[in-house]
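Let's take a walk through this model together.

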Amino acid sequence: MKLARIEISNFRLLKNFVLDLEDELSLVIGKNNTGKTSVLACLDKLVVQSERNAVAYEDFNIELRSSLEKILLGEKEIGAKEQYVDLGIQLKLFIKYSKSDDLSKISPLIMSLDPDDDNVILSFEYKISFDKLSELKLKYIDEAKKFDNKPRLFLKEKLFDYFGPIIRKSLLYNDEDQFLDLHKERINLKDILAIQFINAKRSVTNKQNDKTLSNQTSSLYRQVDESDEQEEASDEFKKELRKTDDRLSSIYQKMFSGIIEKVNKFGGISPTETDIKITSTLQHRELLEGNTTVMYAHQSHDLPEHYNGLGYMNLISMIFEIEMLMSRLRRSIKEKPAAINLLFIEEPEAHTHPQMQYVFIKNIKELLRQNRLREDGVIIHLQSVITTHSSHIVSESSFDDIKYLKKSAQTHQVQAKNLKDLAHAYASSEDPDKDDELKKAYRFLKQYLTLNRAELFFADKAIFIEGDTERIILPSMLKKIDQETQNSDDQPLLSQNISIVEVGAHSQTFEKFIDFVGLKSLIITDIDSYYEKTIYEDDNVTPQKYKNGNDKIEEVRCTPLDPYGSKSSNSSLKFFFQQEELGFYKDLEFENKSLTKPSGSETWQQDPNGFLKIVYQVEEHGYHGRSFEDAFFSINKDLLNAGHSAFPSLTKKYLDLYLSNDDIDAFDFSEKAVNSKPSLAIEILLNSETTEEGIEFSNWHVPLYIKEGLLWLRKN
């Protein structure tokens with residue numbers, strides 16, 4: 001039995017939100033403000049219903065608030081009662097069960113007689129009825145002036161008078177009109193569903209007067225004592241306390257003998273009637289409160305807890321808290337655990353360094369698995385949900401456990417995606433060769449994203465580059481463009497959450513991922529122009545032949561302006577644009593280099609509003625580069641005047657020829673002179689200059705195609 005799905009309607013950013021849960025652990029990730037905390041808050045407010053967390057007007061989705069305010073202002077009609085659908089927040093929990101499960105606790109909720117229907121749907125609704133909404137509108141008309149004609153202020157104050165209470169139901173699958181009211185049927189929800197939270201705001205500090213961990217030990221003991229799980233140890237503790245009571249009582253009698261005599265003397269109490277005694281009455285629970293201290297052993301010395309770092313304190317505190325919460329979920333041996341048990345851990349990475357985050361996620365499954373077992377052998381069914389911003393935790397997690405939350409830039413609504421659904425995008429095809437290629441691509445993507453580039457999941461935008469040269473020099477280009485456009489209304493590139501990913505000539509491998517997460521992305525690649533040349537025998541007349549009889553053809557690299565240039569060999573360009581003709585790329589306008597992938601389509605299509613942009617070398621100052629190097633050299637010849645000593649990665653012979661304009665252009669120079677591309681990039685940065693005004697990299701220019709792409713990416 002498991003909780004398979006959570007559906008939330010009209011709660012904060014979660015307009016129509018669906019989150020699928022895994023059997024054991026679900027890792028919920030996403031950027032800030034994508035609703036991770038809202039999921040926990042919705043469960044707390046509607047299911048747990050803790051008194052301190054009542055539903056507030058601010059919890060209503062913006063569209064719901066707007067509709068209510070328009071109704072009160074008379075800008076929108078309520079409509080007929082027969083067609084009215086109650087307005088408000090709804091949370092639905094989908095429970096899946098099998099024949100092998102113990103159904104005793106959920107049997108009252110099973111509404112369908114269909115043997116194939118294995119669903120129990122719990123609904124929690126905080127809504128307003130037609131009559132209440134009509135009454136609310138009349139009330140606002142009477143009191144509008146009192147609230148300065150602001151329906152929002154009115155709704156905040158009157159919310160509890162007209163909305164609620166929270167209705168708990170069990171729904172028939174695909175028919176919400178058929179339901180059981182859990183309150184009227186007197187069904188105890190605590191026997192069906194138990195939820196515990198470890199929130200991100202944990203009270204861990206390393207101040208001297210803080211004893212968070214030490215105080216938790218008394219709570220831990222309280223949980224153990226209440227659950228009867230360690231009855232023998234608890235009884236031993238109490239037995240020792242009784243012995244101590246006897247000894248302390250004897251000591252107290254001596255200590256307070258003087259005051260007792262005075263009381264007897266002035267109180268007129270006859271010694272034969274009453275004898276006052278001061279005895280010890282140690283209470284086992286209160287004794288631990290404030291009287292236990294967590295110490296750290298360091299080089300044979302015991303140090304107090306606040307001497308250690310926040311990371312260790314946070315980790316230990318979480319383990320203590322997990323133990324306490326799991327004890328509640330396991331319950332006393334005298335009672336059975338709930339049918340569904342959920343543990344939510346919010347942002348476990350707080351204060352911890354990457355290595356500790358790796359250790360945590362590696363061990364959390366086993367820690368929780370061990371805590372499922374009770375002393376009497378009963379194993380509770382536990383599902384855990386961890387929310388995180390940590391790419392380090394993601395990198396050590398199972399790909400199939402990850403749930404990616406993304407907020408739409410257009411609708412501002414949040415959608416949750418299962419990363420394991422990416423496998424469907426790489427599903428088998430009828431072509432065996434393509435099928436094998438897709439499987440390899442999916443395996444590569446899983447490994448690459450988790451091991452190398454997990455931060456992509458938390459990025460707002462991404463840049464996909466080919467090689468080492470771009471990787472080394474691109475951050476400087478971002479800063480240079482920010483400096484050159486300081487008066488722009490756009491947020492600087494270096495202030496944005498942009499991930500730079502080196503993919504070689506394989507950016508197309510990421511196309512399904514880019515489409516899946518809808519990440520605004522820039523691919524910087526090379527036009528890779530060439531022409532085909534027939535290979536002849538020594539007589540220069542007879543073409544050489546392959547075994548199949550076709551002429552042997554050689555691909556000759558050239559600049560796009562070469563009259564023989566006819567095609568591009570770039571695999572990314574050919575994949576995304578479905579073209580290899582060089583003329584197509586030379587004539588393509590910048591706005592037409594944006595792409596989108598229509599739903600259900602296997603190919604990308606040109607779209608000026610697309611979220612994917614592909615840039616490559618363009619003509620600049622009369623020259624059209626083929627690669628980054630010759631495009632850069634063609635506009636930065638003055639930088640190279642520093643000579644061979646400043647650029648040892650360049651062959652001196654060709655550098656001298658290029659600087660003297662002696663029969664060698666930027667293309668030939670880049671082909672012959674560059675010995676190490678990474679070294680060249682570093683040398684460019686080493687020879688960069690800063691103006692008196694503080695403008696860095698002032699003695700070189702960014703190639704136009706890269707500059708255009710980065711300016712496009714900077715816009716929101």
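This is a predicted model: local features need pLDDT of at least 70, side-chain atom pairs count only at pLDDT 80 or more; totals for chains, interfaces and linings use all residues.

Residues are numbered from 1 along each chain as its sequence is written, and side-chain values use heavy atoms, with hydrogens and water left out.

Start with the overall view. The protein chain has 22 helices and 25 strands; helices (H or I, at least four residues) and strands (E, at least two) are DSSP runs, numbered from the N terminus. Of its 716 residues, 46% count as buried, where buried means under 20% relative accessible area with a 1.4 Å probe, protein chains only. Among contacts (heavy atoms within 4.5 Å) with a separation of 6 or more, 72% join residues 24 or more positions apart.

Now look inside. In soluble globular proteins, nonpolar side chains tend to be buried together. A nonpolar core here is a set of buried Ala, Val, Leu, Ile, Met, Phe, Trp, Tyr and Cys residues joined through side-chain atoms within 4.5 Å. The largest one has 66 residues, and Leu43, Phe60, Leu91, Leu93 and Leu122 have the most contacts inside it. Helix 1 (residues 36-48) supplies the largest share of this core, 7 residues. Apart from it lies another core, of 61 residues, including Met326, Phe399, Tyr442 and Leu449.

Setting aside neighbours within four places in sequence, Leu122 is in contact with Leu91, Lys92, Leu93, Ile95, Leu109, Lys169, Leu182, Leu189 and Ile192.

Next, turn to helix 4 (residues 151-162) and helix 3 (residues 130-143), which pack at an angle of about 135°, with their axes 11 Å apart. Axes are lines fitted to C-alpha atoms over the stretch in contact, and angles run from 0 to 180 degrees between N-to-C directions.

Leu68, Glu69, Leu72 and Leu73 of helix 2 make the contact with Pro151, Arg152, Phe154 and Leu155 of helix 4.

Technical notes: Buried means under 20% relative accessible area, exposed over 50%, partly exposed in between (1.4 Å probe, protein chains only).
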